Amino acid sequence: MTRHLLRDDDLTPAEQAEVLELAAAIKKDPFGEVLGKPLAGPHTVAMIFDKATLRTQSSFTAGVAELGGQPLLVDGKLAGIGKRESVADVARVLGRQVSQVVWRTYAQADLEVMAAASGVPVINALTDDFHPCQLLADLLTITEHKGPLAGLTATFLGDGACNMGNSWLLAGALAGMHVRISAPAGYVPEQSMFDRAAEIAAGTGGSVAAEPDPVAAVAGADVVITDTWVSMGKEDEAEARRAVFAPYAVTADLVARAAPDAIVMHCLPAYRGYEIAAEVIDGPQSVVWDEAENRRHAQKAVMAWLHERRSR
Ligand code: CP
């Protein structure tokens, strides 16, 4: 059966660990002694971006090439996905042309249709609900700075009801981490997401919790994480969001409440002076540039891992 990465829990805990180990090995040898060139042929990987991107497009493009494959940027507007023809028909066509599909779009349901109809591995490059590639890069970054993931405490502050909040719950639980989401009322992940993450955590020794008080949420944390308060598509709400989220800003005072050797993460792009202070993101505890680099290594591992398991 063709495997996909549509949400973080498409991987089991053991599979997540396997992909992260592969990513670490690939990072040590980016041009192929460890892995060879699994996409040699070259196999083509189609990439479609319906939302803005820098890191995801550049890291997938470079990563496909480093695996021996050929990246193909499909212009979603030109293709008219869901308008000129249905998502399912686009999927059927792409599945006959390319070996994998990477798609950044809005609705998780559309990504699921792409996966069901394409016959080739489909990778979520961010939807409104999940950002699993970012989480694999984040977990790889944490292992580099903090060692084994199981038992570490990670606190995500800000807009929890978005793709990063949901993905942190699932991916952190898979890794056996203790995940705390600190968000104002109305911006907490749905209860179903906590329930699914708790179910996973029960098997990995991790835990998940909502803690509305940001000071309590970061107390003793090993990892402090934030993201923009104005996710793509929410630009009209920018002013209101900045007022609601102001107490959740990752300032030097807040980071001082975490473990003394805590690391600070942000998936970028960052807005200094809003969700994170300049002195924090540009300071010694920040690992954001490693995190950005690790997108490429983590996604190469995902593509190689899925390619090995493809059914045709
Ligand atoms: N973090 C992230 O996904 O970056 P881009 O939006 O630039 O791809």
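Modeller: Just after helix H8, Gly 205 takes a positive phi of about 85°. Keep in mind that this is a predicted model.

Biologist: Good to know! How many residues does H8 have, and how far does it reach?

Modeller: Helix H8 covers residues 191-204, which is 14 residues. From its first C-alpha to its last it reaches 20 Å, close to the 20 Å expected at 1.5 Å a residue.

Biologist: Which residues of H8 are buried?

Modeller: Met 193, Phe 194, Ala 197, Ile 200 and Ala 201 are buried in H8. They cover an arc of only 130° around the axis, so they sit on the same side of H8.

Biologist: And which ones are exposed on the other side of H8?

Modeller: There you find Gln 191, Glu 199, Ala 202 and Gly 203, which are exposed.

Biologist: What do the buried residues of H8 pack against?

Modeller: Their partners are helix H7 (163-174), strand S6 (178-182) and strand S7 (207-210).

Biologist: Let's switch to Val 90. Where is it, and is it buried or exposed?

Modeller: Val 90 is in helix H4, residues 87-97. Its relative accessibility is 7%, so it counts as buried, the cut-off being under 20%.

Biologist: What does Val 90 touch beyond its neighbours in sequence?

Modeller: Leaving aside residues within four places in sequence, Val 90 is in contact with Ile 81, Glu 85 and Met 114. As for Ala 79, it is eleven residues from Val 90 in sequence and 8.2 Å away in space, C-alpha to C-alpha.

Biologist: Which other residues are buried in H4?

Modeller: Along with Val 90, the buried residues of H4 are Val 87, Ala 88, Ala 91, Leu 94 and Gly 95. Seen down the axis of H4, the buried residues fall within an arc of 155°, so they line one face of the helix. Arg 96 and Gln 97 are exposed on the other side of H4.

Biologist: What covers that buried face of H4?

Modeller: The cover includes S1, S2, S3 and helix H5 (108-118).

Biologist: How many bridges join S1 and S3?

Modeller: Strand S1 (residues 44-49) and strand S3 (residues 100-104) pair over five bridges, in the parallel sense. Val 45 stands opposite Gln 100 in S3.

Biologist: New topic, the nonpolar core. How many residues are in the largest one?

Modeller: The largest nonpolar core has 67 residues, and Leu 139, Ile 142, Trp 168 and Met 177 have the most contacts inside it. Apart from it lies another core of 19 residues, including Leu 157, Val 264, Ala 270 and Val 280.

Biologist: Which residues does Ile 142 touch, not counting those up to four places away in sequence?

Modeller: Ile 142 touches Gly 147, Leu 149, Leu 152, Trp 168, Met 177, Val 223, Ile 263 and Met 265.

Biologist: Last one: where does Ser 231 lie?

Modeller: Ser 231 lies in the loop between strand S8 (223-226) and helix H10 (238-245). Its relative accessible area is 13%, so Ser 231 is buried. Beyond residues up to four places away in sequence, Ser 231 touches Asp 159 and Cys 162.

Technical notes. Residues are numbered from 1 along each chain as its sequence is written. This is a predicted model: local features need pLDDT of at least 70, side-chain atom pairs count only at pLDDT 80 or more; totals for chains, interfaces and linings use all residues. Side-chain values use heavy atoms; hydrogens and water are left out. Helices (H or I, at least four residues) and strands (E, at least two) are DSSP runs, numbered from the N terminus. Buried means under 20% relative accessible area, exposed over 50%, partly exposed in between (1.4 Å probe, protein chains only). Contact means heavy atoms within 4.5 Å. A nonpolar core is a set of buried Ala, Val, Leu, Ile, Met, Phe, Trp, Tyr and Cys residues joined through side-chain atoms within 4.5 Å. Two strands pair if DSSP finds at least two bridges between them. The expected span of a helix is 1.5 Å times one less than its number of residues. The arc is that of the directions from the helix axis to the C-beta atoms.
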